[in-house]
Amino acid sequence: MTTAFDPIDLSGLRLANRIAMAPMTRSRATADALPTALTAEYYTQRASAGLIVTEGIQPSVVGQGYPNTPGLHTAEHIAAWRAVTDAVHAAGGRIFAQLMHTGRIGHPDLLPDGLVNVAPSAVAAIGQVYTHEGPKDFVTPRELTDEEIQATIADFAAAARNAVEAGFDGVELHGANGYLIHQFLAPNSNQRSDGWGGSVAGRIRFAMEAVKAVAEAVGPERTALRLSPGNPFNSIEEPEPEPTYTALVDALDPLGLAYLHVVEVTPEAREVTTVLRKRFSGVFILSPATEGPTGPESLALVEDGTTDVIAYGQLFLANPDLPARLRAGGPFNAPDQSTFYGGGAEGYTDYPTL
């Protein structure tokens, strides 16, 4: 029987186990979107994960949606991330960069030079985002032109090349949680009637073109995609997600990607997860729907074949040596949400290890 503690081949990259560290926004980069020495310490402490997927990294200036998130679109970004990847690799870890363009999620106050948030359609999300001046309502984004869509796809490819130059083992495109790729997939945020919207084929086109561009830039074996079918986060409405996502995965499967990462938000989402798992022939990573932080009981999802790799989020924040604790059956430090964001190290790198 395969267990979560067995190694797995990820398109030629050997992972020591099947326990992944899920991507989680940290908001601890500098004002210039640079990761710091604290970032390197944080990821290096968690290098016993079979695979680390970083916090969301914006592929362009306009792709930023939260304060103090890191980028990968300048030479300075590349150099700063190289210090992180070198440290993780020296500790025996594997690390993918998650490329996240937030689209309509954000605020112009977080963007320089008079830039405004962009999206498939000029439809505002409901809610607020935290800025340096406090919470502010989401604004109505500017609809991307066809030329700008092509430029955004090129930004993803350029950021992927920068990631490889920075020493990352690969990249995961963030197509989940209501951000730009997800906004193209969802009918309520994508109200276009041109070739980038309308039908299922139109709505999956941006995701497909972005994945293809990245795969051409750095190789499909270094390219992955994260999806969250039916996830209502950030004002997304997908009442019948299965046709969209089966069409997308059917189109993705022949590319030979490193993996597909699926996020569940409710137990009912398992039905779509099972369908996508059967249709995708590569490595499958699952962030399962659980009551509270994903715990040791989810290891069984590898054993019963529901997934190849299981992703842990909050529990990895509180337990840098999580694979060892899972193997030992605990004990587990309890996640403290008050420490999840901000500039300090408390609750970030100073949790005790076994």
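**Exercise 1.** Does N234 count as buried or exposed, and at what relative accessibility?

*Solution.* The model is predicted. Step 1: locate the residue. N234 is found in the loop between β11 and α7 (242–252). Step 2: read the accessibility of N234, which is 10%. Step 3: compare with the cut-off. Buried means under 20% relative accessible area. N234 therefore counts as buried.

**Exercise 2.** Find what the backbone angle phi of N234 and of S235 has to show.

*Solution.* Step 1: take N234. Its phi is near 60 degrees, a positive value in a residue other than glycine. Step 2: take S235. Its phi is near 65 degrees, again a positive value in a residue other than glycine. Step 3: place S235 in the chain. S235 lies in the loop between β11 and α7.

**Exercise 3.** Describe the barrel and state how its strands are paired.

*Solution.* Step 1: list the strands in order. Eight strands form a closed barrel, running β3-β4-β5-β10-β11-β12-β13-β14. The twist from one strand to the next averages 25 degrees. Step 3: recall what pairing involves. Strands of a sheet pair through backbone hydrogen bonds, in a parallel or an antiparallel way. Step 4: look at one pair in detail. Strand β3 (residues 19–21) and strand β4 (residues 51–57) run parallel and are joined by two bridges. For A20, the bridge partner in β4 is L51.

**Exercise 4.** Work out the surroundings of I204.

*Solution.* Step 1: I204 lies in the loop between α5 (200–203) and α6. Step 2: the relative accessible area of I204 is 8%, so this residue is buried. Step 3: leave out residues up to four places away in sequence; I204 then touches L185, T244, A247 and L248. Step 4: examine one of these contacts. I204 and A247 are 43 residues apart in sequence, and their C-alpha atoms are 7.9 Å apart in space.

**Exercise 5.** With which side chain does the side chain of S287 make a polar contact?

*Solution.* Step 1: S287 is found in strand β13 (residues 283–287). Step 2: at 10% relative accessibility, S287 counts as buried. Step 3: the polar contact of its side chain is with the side chain of H261, at 2.8 Å. Step 4: list the contacts beyond four places in sequence. S287 is in contact with A22, R226, H261, V262, V263, E264 and A311.

**Exercise 6.** Classify the aromatic pair of F184 and F206, and explain what it ties together.

*Solution.* Step 1: count the pairs. The structure holds six aromatic pairs. Step 2: take the geometry of F184 and F206. Their rings are 4.2 Å apart, centre to centre, with 10 degrees between the planes. Step 3: apply the cut-off. Planes under 30 degrees apart count as stacked, and the pair of F184 and F206 is stacked. Step 4: place the residues. F184 lies in helix α4 (residues 180–185) and F206 in helix α6, so the pair ties together parts that are 22 residues apart in sequence. Step 5: check burial. F184 is buried, with a relative accessible area of 0%. F206 is buried, with a relative accessible area of 0%. Step 6: widen the view. Ring pairs link F156, F184 and F206 into a cluster.

**Exercise 7.** Where does T274 lie, and how far is its C-alpha atom from that of Y130?

*Solution.* Step 1: T274 lies in helix α8 (residues 270–279). Step 2: T274 counts as partly exposed because its relative accessibility is 34%. Step 3: the C-alpha atoms of T274 and Y130 are separated by 36 Å, and the two residues are 144 residues apart along the chain.

Technical notes: Residues are numbered from 1 along each chain as its sequence is written. This is a predicted model: local features need pLDDT of at least 70, side-chain atom pairs count only at pLDDT 80 or more; totals for chains, interfaces and linings use all residues. Side-chain values use heavy atoms; hydrogens and water are left out. Two strands pair if DSSP finds at least two bridges between them. Helices (H or I, at least four residues) and strands (E, at least two) are DSSP runs, numbered from the N terminus. Axes are lines fitted to C-alpha atoms, for helices over the stretch in contact, and angles run from 0 to 180 degrees between N-to-C directions. Buried means under 20% relative accessible area, exposed over 50%, partly exposed in between (1.4 Å probe, protein chains only). Contact means heavy atoms within 4.5 Å. A polar contact is a pair of N or O atoms within 3.5 Å; within protein, one must be able to donate a hydrogen and the other to accept it, and residues adjacent in sequence count only if both atoms are side-chain atoms. Rings of Phe, Tyr and Trp (its six-membered ring) pair if their centres lie within 6.5 Å; planes under 30 degrees apart count as stacked, over 60 as edge-to-face and the rest as tilted.
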